[in-house]
Amino acid sequence: MSRITTPDHRNFPIPRQCPFAPPLEYDRLRAAEPVSRVQLPTGGTAWLVTRYDDVRTVLSSPVFSADGTRPGFPALVPGAAQILQRPPFIRMDPPQHSFYRRMLIQDFTAKRIKTMRPGIQATVDRLLDDLLTRTPPVDLVDAFALPLSSLVICQLLGVPYDDHEFFQGRSKITVSGASTAEQFAAALGELRAYMDGLITRKQQGPGDDLMSKLVAEQLEPAGELRRDELLMMCLMLLNAGHETTANMISLGTVALLEHPDQLAALRSDPELLPGAVEELLRYLSIADLVTTRIAAEDTELSGTPIRVGEGVIALLAAADWDPAVFPEPERFDVRRGSRHHVGFGYGVHQCLGQNLARLELEIAFSSLFARIPTLQVAAPVDELPYKHGGIVYGVHELPVTW
């Protein structure tokens with residue numbers, strides 16, 4: 001075996017050249033250097049993994065650890081080391097990861113999420129009613145995508161939506177590659193204090209929500225969770241629940257409008273919608289960078305040795321555009337049948353909220369294009385403010401008209 005090296009490690013993250021496609025460099029790496037070394041923005045290096053089969057191996061094999069407390073675990077955002085000192089369960093390995101995930105899984109099953117459809121539909125209808133009273137252009141992120149995802153996760157968790165400006169603003173700092181370590185620390189501290197206060201309120205006056213349930217059943221002394229563990233669990237759900245889905249709604253809207261033939265197919269056959277959502281998840285792969293791991297023992301991928309303690313980044317967008325698995329990956333096709341994408345990750349850490357995200361996306365897209373058939377982007381698509389360099393890709397603002 002021979003280690004593949006380059007004279008100078010390339011800088012990472014690698015920016016996208018097209019709003020919808022992964023960086024062009026991913027194609028070259030997948031063909032010539034499927035496992036390649038990069039320089040991280042926070043210091044140190046890590047291995048980039050670009051082939052679909054290798055990415056699934058990294059995400060499913062215990063050889064690659066998700067334990068954020070291991071020395072050398074790759075951090076992409078300045079200040080992220082603070083979270084890794086007391087990581088949420090997504091940065092843990094089984095059996096610890098399994099212990100925490102079991103506390104939540106029944107609230108995110110397909111059967112449980114299905115019962116939320118009427119409430120989500122009512123929220124979508126209300127937001128669209130309000131949007132249509134405004135004079136275009138209107139920012140679809142601010143008026144629809146972000147409030148929808150925030151309202152849904154707030155209702156599920158039992159977080160007051162009136163506080164959305166506070167937690168959305170601070171969450172944005174924690175996922176932005178442009179934030180300093182000091183800004184990250186301040187935002188995280190404020191979020192921790194907010195969630196701690198909310199736990200106290202649930203203890204004093206529980207409601208019919210997931211946080212109240214966790215406080216009553218899992219928090220010590222009645223349960224097995226320490227207060228800081230419960231705090232991080234709820235904070236993770238709140239952040240992930242609104243940030244990723246909002247980006248998928250807004251960016252997915254642009255993608256559909258940029259492919260009018262595919263949008264027309266959806267309008268003529270609503271049964272295509274679930275498959276269209278899967279194709280959007282594959283095509284956009286907005287959580288490309290979240291699947292970081294560290295080698296727990298010496299191993300290899302595609303003939304490249306990886307030593308214990310070396311960081312690994314399994315690139316979801318590179319895997320979802322692997323032509324060996326998705327022929328003509330650059331072609332957006334709502335009939336493709338791409339359920340085997342890795343947009344939600346893979347293995348035991350696959351996204352807990354994927355059923356909820358799918359339902360929100362289906363309702364959001366079907367209602368948006370039915371209620372506003374003349375919807376169009378009110379600015380050049382290549383000039384929109386995209387979230388380059390952040391942990392989750394998307395668009396900061398999306399002006400639309402009709």
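This is a predicted model: local features need pLDDT of at least 70, side-chain atom pairs count only at pLDDT 80 or more; totals for chains, interfaces and linings use all residues.
**Stop one: the largest pocket.** Select Val141, Asp142, Leu146, Gln168 and Lys172. Of the 19 residues lining the largest pocket, these are the closest to its centre. The pocket holds about 370 Å³ of space. Now colour helices α7 (140-157), α8 (164-175) and α11 (227-257). Each gives two or more residues to the lining. What kinds of residue make up that lining? There are 6 nonpolar, 7 polar and 6 charged.

**Stop two: Phe20 and Tyr283.** The structure has 7 aromatic pairs. Select Phe20 and Tyr283 to see one of them. Their ring centres lie 6.5 Å apart, and their planes meet at 25°; planes under 30 degrees apart count as stacked, so this pair is stacked. Phe20 sits in the loop between β1 (10-11) and α1 (24-32), while Tyr283 belongs to helix α13 (residues 273-284). The two are 263 residues apart in the chain. Are they buried or exposed? Both Phe20 and Tyr283 are buried.

**Stop three: on to Phe332.** Phe332 lies in the loop between α14 (316-320) and α15 (354-371), 49 residues from Tyr283. Phe332 is buried, as is Tyr283.

**Stop four: charges over rings.** Select Arg16 and Tyr393. The charged end of Arg16 sits over the Tyr393 ring, 4.0 Å from its centre. Then pick Arg282 and Phe326. Here Arg282 lies over the face of Phe326, 5.5 Å from the ring centre.

Notes:
Residues are numbered from 1 along each chain as its sequence is written. Side-chain values use heavy atoms; hydrogens and water are left out. On a 1 Å grid over the protein atoms alone, a cavity is a set of points where a 1.4 Å probe fits but cannot get out, and a pocket is an open set with protein on both sides within 12 Å along at least five of seven lines; lining residues have an atom within 4 Å of a point. Grid points are joined across faces, edges and corners, and a volume is the space filled by probe spheres set on the points. Helices (H or I, at least four residues) and strands (E, at least two) are DSSP runs, numbered from the N terminus. Ala, Val, Leu, Ile, Met, Phe, Trp, Tyr, Cys and Pro count as nonpolar, Asp, Glu, Lys and Arg as charged, and the others, Gly among them, as polar. Rings of Phe, Tyr and Trp (its six-membered ring) pair if their centres lie within 6.5 Å; planes under 30 degrees apart count as stacked, over 60 as edge-to-face and the rest as tilted. Buried means under 20% relative accessible area, exposed over 50%, partly exposed in between (1.4 Å probe, protein chains only). A charge sits over a ring if NZ of Lys or CZ of Arg is within 6 Å of the ring centre and within 35 degrees of the ring normal.
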